Amino acid sequence: MEVKELISLAIEVMDYSYSPYSNFKVGACLLTKDGRTFKGANIENSSYGLSMCAERNATFQAYCSGVKKEEIEAICIVAKCNRPVSPCGACRQVLSELLPTDAKIILANTDYQYFETTIEKLLPYYFTKDDME
């Protein structure tokens, strides 16, 4: 799948964002190696800690549908901003555990400006289960 197509899918799901507090809509689309897509939008709550980011919603939806870590090819995150959007720290930690290290992470805006990165570049020295041993 072309990057611009993945960005378009993430833009589409922004319409489902529930963001009455920040008014900052975010969409995400996770792509598996066999071409399946899983979309997510950010869902806010007046108690901000109970909110859920778009990229976590897309990733959790994939996992709840039976997708395994090694099947994930990429995730695209989009918002309407001046530069490609960047995931929060909580999302970076979640993605570090649930995406393979070679998965493409595409950060974009609604003007189709984007760049590709990896979790190791977004969150170097991330916490893993090995740190708990």
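Is Arg36 buried, partly exposed or exposed? In this predicted model, in which local features need pLDDT of at least 70, side-chain atom pairs count only at pLDDT 80 or more, and totals for chains, interfaces and linings use all residues, Arg36 counts as partly exposed, at 30% relative accessibility (buried means under 20% relative accessible area, exposed over 50%, and partly exposed in between, with a 1.4 Å probe and protein chains only). Residues are numbered from 1 along each chain as its sequence is written, and side-chain values use heavy atoms, with hydrogens and water left out.

The structure holds three salt bridges, a salt bridge being a side-chain nitrogen of Lys or Arg within 4 Å of a carboxyl oxygen of Asp or Glu. Arg36 pairs with Asp34, their closest N and O atoms lying 3.1 Å apart, and Asp34 counts as exposed at 53% relative accessibility. A salt bridge also joins Arg36 to Glu71, with 3.2 Å between the closest N and O atoms; this pair links distant parts of the chain, 35 residues apart, since Glu71 lies in the loop between α2 and β3 (72-79) and Arg36 in the loop between β1 (26-32) and β2. Glu71 is partly exposed, at 26% relative accessibility, and Asp34, Arg36 and Glu71 are thus linked in a network of salt bridges.

Glu12 and Lys39 meet through their side chains in a salt bridge of 3.8 Å, N to O. Because Glu12 lies in helix α1 (residues 3-13) and Lys39 in strand β2 (residues 37-41), the pair ties together parts that are 27 residues apart in sequence; helices (H or I, at least four residues) and strands (E, at least two) are DSSP runs, numbered from the N terminus. Glu12 is partly exposed, with a relative accessible area of 45%, and Lys39 is likewise partly exposed, at 33%.

The largest pocket holds about 250 Å³ of space (a pocket is an open set of points on a 1 Å grid over the protein atoms alone where a 1.4 Å probe fits, with protein on both sides within 12 Å along at least five of seven lines, and lining residues have an atom within 4 Å of a point). Of its 17 lining residues, Phe24, Val26, Asn42, Cys53 and Ala54 are the closest to its centre. Helix α2 (residues 54-64) gives the most to this lining, with three residues.

The second largest pocket holds about 150 Å³ of space, and is lined by Lys69, Ser96, Glu97, Tyr126, Phe127, Thr128, Lys129 and Asp130.

Note on methods
Grid points are joined across faces, edges and corners, and a volume is the space filled by probe spheres set on the points.
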